[in-house]
Amino acid sequence: MKLITTEQCTSFKNFIVSHDFFLIAGHKEPDGDCVSSCIAMASIIEHFGKPYQLLSAGPFKRPEIKKYASKFSSELAFMTQDERDRTGLLILDCSELSRLGDIDGDLKGFDTFIVDHHKTADTNTSNAIIDPSAPAACCLVQQLYENIIGKATDKIAKQLFFGLSTDTGHFRFLTEDSAETFRSAARLVEGGASPRKIYDEMSGGKPFSTRKLLGIMLNRVERYYNNKLCVTYETMEDTKKYGAEGRDSDALYTLLLAVEGVEAVLFVRQETDNSCTAGFRSRDSVDVSAIAAKFGGGGHKNAAGLSIEGKLDTVIPQILKEFAKVL
């Protein structure tokens with residue numbers, strides 16, 4: 001992970017100083033890193049004594065983040081043109097307006113600053129801190145917090161550690177070049193974050209129905225390309241019967257990537273009659289973000305996702321053709 005430069009920090013502070021109100025938004029279907037980076041960013045704005053609104057299209061279906069839903073709104077507060085001109089939009093954990101989802105209100109035209117860590121980040125603005133080597137957006141927000149305010153408070157240390165832990169699989173996804181990330185994590189632990197309690201918060205509290213759904217998806221798994229790729233899916237009927245209270249796709253990916261010889265996992269869910277979402281995970285050299293990008297999605301080298309028009313029986317073969325080129 002690279003350290004934020006003095007120039008980047010100065011650019012960010014100048015952006016904050018030059019606006020009177022802020023909209024803080026993360027991607028749709030938020031996870032712990034997205035939610036935590038937004039909340040920690042809000043604390044920076046509070047330090048400057050300026051008002052803000054946290055925005056998210058949701059849904060907050062993951063059990064570990066449901067408690068944060070009340071902090072966010074899916075509806076943009078009404079503003080006059082003069083108020084819009086004095087408002088800054090802060091986008092966390094993604095870089096495109098389209099990734100924010102269905103937020104009620106026009107987000108176009110705001111002066112914008114982006115903080116993102118995705119390899120597929122796509123932006124032309126100079127108002128951005130984008131570092132694909134950072135394992136979580138929270139790592140970047142933590143650096144801004146420490147540079148501007150100082151040592152994280154107990155509350156913010158726990159929030160940032162939760163976000164970092166989410167995107168690193170509680171540090172399971174980190175590699176030999178992660179010393180700086182562990183130094184950042186150590187400062188958060190010194191600030192009051194408990195790795196054990198946060199792991200329990202992340203992994204516990206799953207509805208029993210998610211175990212049933214996990215069993216169904218495991219039973220459907222098919223292997224392709226010399227057993228290097230595992231593929232499974234979830235129908236709308238499955239979601240209605242077992243997935244309404246939440247899902248646990250992380251457990252699915254973990255179990256399948258642990259299988260001998262498996263290099264990647266594809267999980268496709270039928271969201272509506274004519275649309276699907278797909279999740280990708282991989283080990284080592286397989287860049288699933290490049291595959292997701294071919295369908296308008298994105299993410300990281302070893303974890304990515306997308307939304308696509310179509311049904312399971314047409315979407316899965318399309319994605320398999322792209323995997324055939326790399327496996």
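**Getting to know the strands, core and helices**

Colleague: Hi! How many bridges join strand 4 to strand 5, and which way do the two run?

Modeller: Strand 4 is linked to strand 5 (residues 128-130) by three bridges, and the two run parallel. Keep in mind that this is a predicted model.

Colleague: Which strand is joined to strand 4 by five bridges?

Modeller: That's strand 3 (residues 87-92), and this pair is parallel too. Leu-90 has Phe-113 of strand 4 as its bridge partner.

Colleague: Is strand 4 mostly covered or mostly open?

Modeller: Mostly covered: strand 4 spans residues 111-116, and five of its six residues are buried.

Colleague: Back to Leu-90, then. What does it touch?

Modeller: Leaving aside residues up to four places away in sequence, Leu-90 touches Phe-12, Phe-15, Ile-16, Phe-22, Leu-23, Ile-24, Ala-25, Met-41, Ile-45 and Phe-113.

Colleague: And which residues touch the most other members of the largest nonpolar core?

Modeller: Leu-90 is one of them, together with Phe-12, Ile-24, Met-41 and Leu-144, in a core of 49 residues. Helix 2 is the biggest contributor to this core, giving eight residues. A separate core has 22 residues, including Val-231, Cys-276, Phe-295 and Ala-304.

Colleague: You mentioned Ile-45 as a neighbour of Leu-90. Where does Ile-45 lie?

Modeller: Ile-45 is part of helix 2, which covers residues 32-47.

Colleague: Is it buried or exposed, and why?

Modeller: Ile-45 counts as buried because its relative accessibility is 0%, and the cut-off for buried is under 20%. Not counting residues up to four places away in sequence, Ile-45 touches Ile-16, Phe-22, Ile-24, Lys-50, Pro-51, Tyr-52 and Leu-90.

Colleague: How far apart are Ile-45 and Gly-192?

Modeller: In sequence, 147 residues separate Ile-45 from Gly-192; in space they are 22 Å apart, C-alpha to C-alpha.

Colleague: New topic: helices. At what angle do helix 4 and helix 6 pack?

Modeller: Helix 4 (residues 137-148) and helix 6 (residues 179-190) pack at about 60 degrees, and their axes are 11 Å apart. That angle is why helix 4 counts as oblique to helix 6.

Colleague: Which residues make the contact?

Modeller: On helix 4 they are Cys-139, Gln-142 and Glu-146, and on helix 6 they are Thr-181, Ser-184, Arg-187 and Leu-188.

Colleague: Left-handed or right-handed crossing?

Modeller: Left-handed, as helix 4 passes helix 6.

How values were computed:
Residues numbered from 1 in each chain as written. Predicted model: local features only at pLDDT ≥ 70, side-chain atom pairs only at ≥ 80, totals over all residues. Heavy atoms only, no water. Helix = DSSP H or I, 4+ residues; strand = E, 2+ residues; numbered from the N terminus. Buried < 20%, exposed > 50% of the residue type's maximum accessible area, 1.4 Å probe, protein only. Contact = heavy atoms within 4.5 Å. Core = buried A, V, L, I, M, F, W, Y, C linked by side-chain atoms within 4.5 Å. Pairing = 2+ DSSP bridges. Axes fitted to C-alpha atoms, helices over the stretch in contact; angles between N-to-C directions. Parallel < 35°, antiparallel > 145°, perpendicular 65-115°, else oblique. Left-handed = near helix turned anticlockwise from the far one by under 90°.
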